[in-house]
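Colleague: I'm new to this one, could you put it on screen and go through it with me?
Modeller: Gladly, here it is.

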Amino acid sequence: MLGSAGLHFATGVCALLFLVPFYLIVRNALSTDAEITGEDWQWFPADVRWDNLTELFDDTTVPFGRSLWNSAVVGVLHTVGTLLVCSLAGYGLARIPYRHADRIFYAVLVTLMVPAAVTFVPSFVLVSSLGWVSSLQGLVVPGLFSGFTCFLFRQYFLGFPRELEEAARVDGLGYWGAYWRIVVPNSLNFFAAIATITFISGWNAFLWPLVIGQDQEAWTVQVALSSYMTNQTVNFHLIFMATAVSILPLVLVFLFLQRWLVQGVAQTGIKG
Amino acid sequence: MSTTTTRDATRPVPAEAPAAGPRGGVRGSTLSFWLFTGPFLAGLVVFVYVPIGWSAYLSFFEARYTVTPDKFIGFDNYALMLTNGDFTGSLVTFTVFAAIIVPVTWALSLGLALMVHRLRFMKAFFRSVFFLPTACSFVAASLIWKMSIFSGVRFGLMNTVLGWFGVENTAWLADPDPPWYWLVIVTVRLWLQAGFYMILFLAALQNIPPVLYEAAAIDGARPGWQTFRHITLPQLRATSTAVVLLLLVAAYQAFDEFFNLLAKSTWGRPPLVELYYTALGDDQDYGAGSAGAVILTLLICMVTLLQGRFLGFGRGDDSR
Amino acid sequence: MPAPSSSTWDRRSVLRAAAGLAALGPLAACGGDTGREGGGGSGKSLVQYFHAYGEAGTQEAIKRYAKAYDEARVTTQWITGTNFESKLFSALLTDDAPDVFEFHPQLQLIRSGQVAPLDDIIDPVKADFNPADIASHTVDGKVYGVRMIDDPQFFYYRKSLLEKAGLGVPRSLDELAEAAAALTTDKVKGLFIGNSMVSTNHALVWAAGADQLDDRNRIAYHTDDVAAALKVYRRMFTSGHLLLDAPADYWDPSALVQGLTAIQWCGMWAMPVMQKALGDDLGIFPFPPAAPGAKPAVYNGGWSMFVNAKGEDVDLAKDYVKWLWIDQKEYQEDWALGYGFHIPPRTSIAESATELKSGLPAEAVKLFTDYGRFDNISWTQAMITAFEEVVANAVRKGTDPEKALDAADEKVGRELEKLFA
């Protein structure tokens with residue numbers, strides 16, 4: 001059996017490996033291209049180039065600042081909308097007796113299994129015929145109806161203590177009243193967790209924003225990032241500065257909301 | 001803030017609904033049901049089912065460079081896809097990929113969870129470190145992997161490190177023989193995913209009643225492998241099952257890293273990438289692509305139903 | 001009964017916050033811009049698609065030209081990424097399709113009625129165009145698409161490195177392989193023909209004395225010499241003398257400029273950057289013959305403007321193309337020579353281009369004239385992909401070239417059947 005010191009050492013080694021990519025982002029973001037591509041490996045730039053940051057935002061070929069703003073707006077709307085729509089549906093499926101509820105739930109489950117790329121072309125044509133290409137609606141609305149989130153909420157609400165709601169009903173509240181007065185206020189931890197996960201997935205989404213964001217003004221940060229990667233000219237320091245800036249907000253979200261996130265992940269109902 | 005009470009609150013309780021709510025009969029609850037689920041279901045129909053239906057429709061038509069075709073060709077697209085080595089090959093690729101990524105991620109996340117669980121110092125710090133990659137996108141991670149770690153040139157990190165030991169520069173992605181590209185693809189996903197599943201395992205580990213370990217110690221089980229094998233692992237069974245299923249679904253949906261890392265290859269294409277190239281790539285064959293999509297969807301639905309039958313995953317009445 | 005776990009969060013404040021956010025939603029949605037509205041004195045608007053050129057200043061240039069057009073407000077979509085084709089093709093299916101777009105001449109776009117014939121705007125100046133550029137855009141006597149730039153592709157090499165190795169310019173594919181071997185050191189690879197090795201596909205076939213299709217649109221690439229050339233490629237691929245997995249692909253000058261390789265396949269567009277970085281230590285040569293009696297090969301790529309025949313206002317779109325790519329010679333010259341180097345398809349502009357009159361650019365023009373061959377309009381994107389798979393399989397994966405070519409025959413055959421049956 002590993003001693004305590006040995007255990008900490010082994011964990012430390014693993015942690016170092018997990019941090020390597022972050023190190024590379026920071027190193028490359030603050031170096032010059034010559035340092036990155038040089039013949040000898042440089043562990044850290046001789047001159048830390050914070051100028052790379054201003055260069056990134058001054059670069060007119062990729063509207064990076066705009067794409068950050070878009071991602072923030074899309075991320076917030078996506079999160080609020082998904083939470084609202086999916087939590088209601090999850091509650092309805094979990095708690096309100098209805099003859100066909102099981103069948104409807106299966107219809108939701110099936111959509112979990114149909115990957116986005118399968119329906120991606122017809123979806124695109126559909127959204128485009130609504131005139132939503134390069135628009136905020138086009139980026140946000142089609143993503144609100146997540147079968148997975150609905151499923152998580154349903155599983156959670158199945159485990160919600162029934163006594164609380166029944167007390168509310170005795171007080172004369174219907175499902176709607178009980179939901180808003182009792183269920184939601186007592187589930188804020190779970191909502192916070194799902195909100196964090198949803199925000200992250202919204203922020204990191206790539207395929208859909210790539211197709212919908214035809215206009216540069218409607219680019220999200222992931223699309224901007226990928227455009228750096230495939231641009232015809234490769235500027236390492238800009239690419240990695242962009243990566244660093246795109247990851248930073250989420251790292252902050254993570255560090256501040258980790259408590260809810262960890263609790264939430266643990267109680268998402270997928271624990272078995 | 002009491003985590004323990006929340007956890008109690010989420011313990012599954014029998015879910016069969018009361019025959020009728022305290023207020024009124026079934027009719028009132030039907031209305032409520034639709035009030036709650038209506039918006040979601042309407043969106044689901046418009047943005048998920050209509051496109052699926054459209055795909056199904058397209059699959060029976062000759063639809064090249066168009067999504068409003070007029071030439072009905074029956075099952076020709078299906079025949080083409082099923083006899084097409086690329087498509088069936090992509091199913092093999094998926095199988096290989098799943099066979100690697102699922103057990104490896106499972107083992108790594110469980111291993112990390114066991115380590116972090118037993119730490120006495122800096123537990124929260126290490127948990128954060130392993131969890132942090134979850135914040136990264138596949139785009140960002142692919143970029144780091146392709147441009148910096150597994151770049152085939154001398155300033156790639158792997159080639160630099162191997163160079164210190166006198167190993168020649170390796171083209172990690174270009175050369176399929178030996179298939180190093182699997183190393184690149186698997187490590188990207190591993191880095192991004194392992195922390196998330198580690199959290200699931202950590203939560204489950206914390207839920208194992210200590211009394212079980214005490215009882216085992218009294219029965220003479222030695223700490224370490226024996227306890228792990230006979231107490232920990234069985235107690236984690238439910239979580240393990242869920243993790244494996246989630247990993248399978250995620251592996252099946254894999255697209256971003258294959259798409260970003262492997263260019264102009266005829267190998268290493270899982271089904272989604274293959275379909276993307278068929279329908280949206282240079283062929284623009286929406287009919288054949290849709291037929292492939294329908295075949296995949298049917299396969300997956302079958303697996304889901306079987307899975308639901310055998311494992312009870314996602315069923316309200318025995319979600320444990 | 002468990003206590004509510006989040007008593008610290010006041011219920012009402014949360015609901016208020018949620019309501020506030022919900023109210024923000026539609027507001028923000030209204031604020032979202034569709035990128036097509038507003039602007040433009042006449043109220044008319046056009047959308048044009050360009051793939052992202054790598055040279056600095058290109059995007060600004062295209063937008064500057066567009067702004068100078070008075071008849072409509074022209075929005076430019078600058079499509080970054082390597083999958084310009086896919087994005088263009090899927091956009092053409094929708095209501096948001098571009099009115100004009102740049103692409104290469106390909107028959108399927110014409111057969112499906114996607115692009116409009118442009119004879120009326122080209123005819124008056126037809127004689128001023130390079131005849132090959134007219135021919136490669138002509139189907140059944142009608143011209144589709146206006147050529148903007150011609151981009152010959154060939155090998156660049158570092159003169160100093162070849163001299164040091166005591167090598168002359170390779171005169172055959174075998175010599176190229178030998179040169180790659182002789183030039184490889186532990187820091188520099190001998191040769192770079194792109195990460196996926198498909199960038200030389202056209203030149204490889206021509207240098208082996210074959211062609212993509214013959215005059216009657218039958219398969220012409222499946223010859224013993226092509227198979228033999230693929231075997232040489234395979235040998236080079238496994239030898240360790242090729243630069244592979246470079247961060248930037250063949251179209252970017254950085255592999256040669258950063259000293260990662262001694263010889264690189266690239267296009268004329270990269271010449272200014274390479275000259276600036278390497279000075280006189282730079283030479284060019286065509287793809288060397290790969291079969292007895294065959295000529296060296298240069299691939300004349302390039303980009304042309306097309307008009308979407310299903311667009312809302314086809315006449316306006318045509319007028320815009322005529323205005324910019326036929327009438328505005330200043331812009332055409334700026335576009336061809338101001339950023340990367342390209343050969344202007346208009347003879348009158350090419351003749352006055354002093355940048356191309358001497359030194360390395362003049363050598364490139366000579367290669368273009370002597371050995372350059374153009375796209376065959378019948379060789380469509382699906383066939384291009386099929387031949388790319390031949391290279392992926394026969395060169396990188398190690399399949400027998402004959403088998404790989406057989407597989408391509410089947411796919412190309414299916415395409416030909418659809419186009420000409």
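Colleague: Where is Pro178(B) found?
Modeller: Pro178(B) sits in the loop between α7 (157–164) and α8 (181–206) of chain B, where helices (H or I, at least four residues) and strands (E, at least two) are DSSP runs, numbered from the N terminus. Before we go on, this is a predicted model, in which local features need pLDDT of at least 70 and side-chain atom pairs count only at pLDDT 80 or more, while totals for chains, interfaces and linings use all residues. Residues are numbered from 1 along each chain as its sequence is written, and chains are lettered from A and ligands numbered from 1 in the order in which they are written.

Colleague: And what kind of peptide bond joins Asp177(B) and Pro178(B)?
Modeller: The bond between Asp177(B) and Pro178(B) is cis, with omega at about 0°.

Colleague: Where in chain B is confidence lowest, and where is it highest?
Modeller: Helix α1 (residues 3–9) of chain B has the lowest mean pLDDT, 36, and helix α4 (residues 85–118) of chain B the highest, 91; pLDDT is the predictor's confidence in each residue, from 0 to 100. Residues 1–26 of chain B have pLDDT below 50, and this stretch has 47 contacts in the model beyond near neighbours in sequence, two residues being in contact if their C-beta atoms, placed from the backbone, lie within 7 Å. For chain B the average pLDDT is 80, with 87% of the residues scoring at least 70.

Colleague: Switching to chain A, how many helices and strands are there?
Modeller: Chain A has 14 helices and zero strands, and its C-alpha atoms fill a box of roughly 75 × 65 × 30 Å along the principal axes. Of the 272 residues in chain A, 59% are buried, where buried means that 20 or more other C-beta atoms lie within 10 Å of a residue's own, exposed means 12 or fewer, and partly exposed is in between, with C-beta atoms placed from the backbone.

Colleague: At what angle do α5 and α8 of chain A cross?
Modeller: The axes of helix α5 (residues 101–113) of chain A and helix α8 (residues 147–158) of chain A cross at roughly 130° and come within 8 Å; axes are lines fitted to C-alpha atoms, for helices over the stretch in contact, and angles run from 0 to 180 degrees between N-to-C directions. That makes α5(A) oblique to α8(A), because angles under 35 degrees count as roughly parallel, over 145 as roughly antiparallel, 65 to 115 as roughly perpendicular and the rest as oblique.

Colleague: Which residues make that contact?
Modeller: From α5(A) they are Val108(A), Leu109(A), Thr111(A) and Leu112(A), and from α8(A) they are Gly147(A), Phe148(A), Cys150(A) and Phe151(A). By class, the contact of α5(A) with α8(A) has six nonpolar, two polar and no charged residues; Ala, Val, Leu, Ile, Met, Phe, Trp, Tyr, Cys and Pro count as nonpolar, Asp, Glu, Lys and Arg as charged, and the others, Gly among them, as polar.

Colleague: How many residues does each of chains A and B give to their contact?
Modeller: Chain A gives 90 residues and chain B gives 97 residues, and the side of chain A that touches chain B divides into 62 nonpolar, 24 polar and four charged.

Colleague: Last one, in chain C: is Met197(C) buried or exposed?
Modeller: Met197(C) is buried, because 25 other C-beta atoms lie within 10 Å, and its phi is near 60°, a positive value in a residue other than glycine. Asp140(C) also has a positive phi, of about 50°, although it is not a glycine, but Asp140(C) is exposed, with 6 other C-beta atoms within 10 Å.
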